[in-house]
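Visitor: I am new to this structure. Could you show it to me, please?

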Amino acid sequence: MSNIDSLLEAVSKKLGTTPEQLKEALNSGNLSKAIGNMSEKDAKKLNAVLNDTELVKRVANSKQAQEIRKSLGKL
């Protein structure tokens, strides 16, 4: 199992979805299905982060995010 597969597995468990559904949501850019099973508290936190455009830009441009995008493109 690759690092990306392990990451998808761990995150999908936290979100209450499957790795396949999470991967599809990430590839399509539509996270609403993937976060639909989150607790209300966690969903509010995630939405607060996603609404902070400067934070999203910093995260998206991070080395880790670039590696994830590169790896997802190979899947």
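Visitor: By class, what residues does the lining of the largest pocket have?

Guide: This is a predicted model, in which local features need pLDDT of at least 70 and side-chain atom pairs count only at pLDDT 80 or more, while totals for chains, interfaces and linings use all residues. Residues are numbered from 1 along each chain as its sequence is written, and side-chain values use heavy atoms, with hydrogens and water left out. The lining has 18 nonpolar, 3 polar and 1 charged residues (Ala, Val, Leu, Ile, Met, Phe, Trp, Tyr, Cys and Pro count as nonpolar, Asp, Glu, Lys and Arg as charged, and the others, Gly among them, as polar).

Visitor: Which element gives the largest share of that lining?

Guide: H6 does, with 5 residues. Helices are DSSP runs of H or I with at least four residues, numbered from the N terminus.

Visitor: Now the helices: at what angle do the axes of H1 and H2 cross?

Guide: The axes of H1 (residues 3-15) and H2 (residues 19-28) cross at roughly 95 degrees and come within 8 Å. Axes are lines fitted to C-alpha atoms, for helices over the stretch in contact, and angles run from 0 to 180 degrees between N-to-C directions. H1 and H2 are therefore roughly perpendicular, a term for angles of 65 to 115 degrees.

Visitor: Which residue forms a salt bridge with Glu9?

Guide: Lys13 does, and the closest N and O atoms are 3.9 Å apart. A salt bridge is a side-chain nitrogen of Lys or Arg within 4 Å of a carboxyl oxygen of Asp or Glu. Both Glu9 and Lys13 lie in H1, 4 residues apart, about one turn of the helix.

Methods:
Helix = DSSP H or I, 4+ residues; strand = E, 2+ residues; numbered from the N terminus. Parallel < 35°, antiparallel > 145°, perpendicular 65-115°, else oblique.
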